[in-house]
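Subject: Structure for your review

Dear colleague,

Please find below the structure for your review. My notes on it follow directly after.

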Amino acid sequence: MLVAALSISYEIEAQTIQNKKKITFSAPTNRKRIPQQISSSMSRGCQRNLPKVTLLTPPEFVGTTTSKQTEVFIYFQEKPTNSPIYLTLSKFDESQAIIEKQVEIAQEGVTKIQLPIELEVDQIYQWSITLVCQSHPKRIDENEEVSGLIERVDLPPVLSRKINQASTWEQANLYASQGIWHESLKFTQNTPQFNELLKQVGIKIEKRQI
């Protein structure tokens, strides 16, 4: 019984320490600010009946990644039920989509989707989530679309070696200190620091009012 009690005590203490850890995301200062529409407004017509969605990507600058096939995070205020949802990816300032596929969202809250192609280094892409209005499926203007930007970048060799030798928490801090958005989210998922990162770049997610 004593061993079990000590074990629980250590787990609680470790969790408390984890919750108190701070993380600071250093937004890139050498890149052009590009405002993006990352959160749905649901302000007109059929859109009022669609679930509110927010892309968890910086609304004012390009969210970077070091991964060839990275994951993107989205937030649904409530579980999507009858609305088809599409993921679209294209090169920035090009209208032709590289990917356009329907995705299944099983729950409300945070969901991650892996982009199914290898991203080119130093190429900016636009990724979008579109919710189709079922009552007027042929009227594109009735659909709700939100979009953000993503770019794959290379890490300096010295930093790459540090990350490979670091713990999960240290990796999160290293990525955040370099302004690498998607890995910062990945390594803080399911921790209080995840929400802290969102606040630091101005992302607001609201829970559905009951």
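Setting aside residues up to four places away in sequence, Lys22 touches Trp169 and Asn173. Lys22 and Asn173 lie 151 residues apart along the chain, and their C-alpha atoms are separated by 8.9 Å. Lys22 belongs to the loop between α1 and β1 (53-55). Because its relative accessibility is 73%, above the 50% cut-off, Lys22 counts as exposed.

As to confidence, please bear in mind that this is a predicted model. The protein chain has a mean pLDDT of 84, with 80% of its residues at 70 or more. Confidence is lowest in helix α1 (residues 2-20), where the mean is 46, and highest in helix α4 (residues 181-186), where it is 96. Where pLDDT is low, the predicted coordinates should not be read in detail.

Next, the sheet. Five strands form an open sheet with mixed pairing, in the order β2-β8-β7-β4-β5. The edges are taken by β2 (63-65) and β5 (99-103); each has a single partner strand, so one side of each is left without a neighbour in the sheet. From one strand to the next, the twist averages 25°. The partner of β5 is strand β4 (residues 85-91), and the two pair in the antiparallel sense over five bridges. Within this pairing, Leu87 has Lys101 in β5 as its bridge partner.

The largest nonpolar core holds 39 residues, of which Trp127 and Ile129 touch the most other members. Strand β3 (residues 71-76) supplies the largest share of this core, namely five residues. A second, separate core has seven residues, among them Val153, Ile163, Ala166 and Ile180.

Apart from its neighbours within four places in sequence, Ile129 is in contact with Leu55, Ile74, Ile85, Tyr86, Leu87, Ile113, Glu144, Glu145 and Val146. One of these contacts, Leu87, is the residue whose bridge partner in β5 is Lys101.

With kind regards

Notes. Residues are numbered from 1 along each chain as its sequence is written. This is a predicted model: local features need pLDDT of at least 70, side-chain atom pairs count only at pLDDT 80 or more; totals for chains, interfaces and linings use all residues. Side-chain values use heavy atoms; hydrogens and water are left out. pLDDT is the predictor's confidence in each residue, from 0 to 100. Helices (H or I, at least four residues) and strands (E, at least two) are DSSP runs, numbered from the N terminus. A nonpolar core is a set of buried Ala, Val, Leu, Ile, Met, Phe, Trp, Tyr and Cys residues joined through side-chain atoms within 4.5 Å. Buried means under 20% relative accessible area, exposed over 50%, partly exposed in between (1.4 Å probe, protein chains only). Contact means heavy atoms within 4.5 Å. Two strands pair if DSSP finds at least two bridges between them. Axes are lines fitted to C-alpha atoms, for helices over the stretch in contact, and angles run from 0 to 180 degrees between N-to-C directions.
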